[in-house]
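Please keep the structure in view while going through them.

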Amino acid sequence: MSAIIAPSILSANFGKLYEEIEMINNSEAGWFHVDVMDGVFVPNISFGFPLMKPLKEKATKTLDVHLMIVDPDRYIKTFADAGAHVLTVHYEACTHLHRTLSEIRNQGMLAGVALNPHTPVSLLKDILPLCDLVCLMSVNPGFGGQKFIENTYNKTKELKAMIVAAGLSTKIEIDGGVSLDNAKLLTDAGADVLVAGNTVFASENPSETISKLLNLTK
Ligand code: DX5
Ligand code: ZN
């Protein structure tokens, strides 16, 4: 089965946001990946609700919102109202992850957990049944265009085995440094969703690059 390609809007040209959204709408991408950064959990500030508005209005595909913020519980309902379909919080930012994921589902969204590169997948054992998606960070979160961390292949395989053993259908998403060189290897390792920022938006023909990424996963 082919993977879902999720272009990261963080790398888009905000000066022509509607065109970028339209390009993704008309491409073979499956999801929009939306990176929200607070300058506290990660050393960068990106955007928040003002960007959700045009996305909710114009995007015709799943809005996959990745919260790189502390205390995400405060904003679960606001993101549901803003149109998020998938809401991913960081394992490292949640003291009461069970409560947080339950609340995301209660608000009608799919619940995701992201792991920083240093966080082992084994820590998810008791929470996996509440995860619709696990996002494995393959760079340290905060910026687009960073180098892919190779250990991600091992983490993906280990997580896939845990999901299969538990009889679950949790999706594995890979976020950071995804390229035409590693897309196939990641899918073979068990990835279901590939986030791609720089690879898509820095390419000459972003829509074609999305198709190329997708074809590599078939
Ligand atoms: C990193 C973000 C990623 C980022 C990916 O903190 O979570 O989603 O936009 O960008 P690339 O694909 O350029 O590494
Ligand atoms: Zn992300």
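1. A term is needed before the points on the pocket. On a 1 Å grid over the protein atoms alone, a pocket is an open set of points with protein on both sides within 12 Å along at least five of seven lines, and its lining residues have an atom within 4 Å of a point. The model discussed here is predicted.

2. Which residues lie nearest the centre of the largest pocket? They are Gly144, Gly145, Gly176, Gly177 and Gly197, out of a lining of 24 residues. The volume of this pocket is about 280 Å³.

3. The lining of the largest pocket comprises 10 nonpolar, 12 polar and two charged residues. At least two lining residues come from each of E2, strand E8 (193–196) and helix H7 (198–201).

4. As to secondary structure, the protein has eight helices and eight strands.

5. Five bridges join strand E4 (residues 86–90) to strand E5 (residues 110–115) in the parallel sense. Val89 has Val113 in E5 as its bridge partner.

6. Lastly, the overall dimensions. The C-alpha atoms of the protein fill a box of roughly 45 × 35 × 30 Å along the principal axes. For 218 residues, a compact globule would have a radius of gyration near 17 Å, so the protein's value of 16 Å agrees with that expectation.

Methods
Residues are numbered from 1 along each chain as its sequence is written. Chains are lettered from A and ligands numbered from 1 in the order in which they are written. This is a predicted model: local features need pLDDT of at least 70, side-chain atom pairs count only at pLDDT 80 or more; totals for chains, interfaces and linings use all residues. Side-chain values use heavy atoms; hydrogens and water are left out. Two strands pair if DSSP finds at least two bridges between them. Helices (H or I, at least four residues) and strands (E, at least two) are DSSP runs, numbered from the N terminus. On a 1 Å grid over the protein atoms alone, a cavity is a set of points where a 1.4 Å probe fits but cannot get out, and a pocket is an open set with protein on both sides within 12 Å along at least five of seven lines; lining residues have an atom within 4 Å of a point. Grid points are joined across faces, edges and corners, and a volume is the space filled by probe spheres set on the points. Ala, Val, Leu, Ile, Met, Phe, Trp, Tyr, Cys and Pro count as nonpolar, Asp, Glu, Lys and Arg as charged, and the others, Gly among them, as polar. The radius of gyration is taken over C-alpha atoms; the globule rule is 2.2 Å times the number of residues to the power 0.38.
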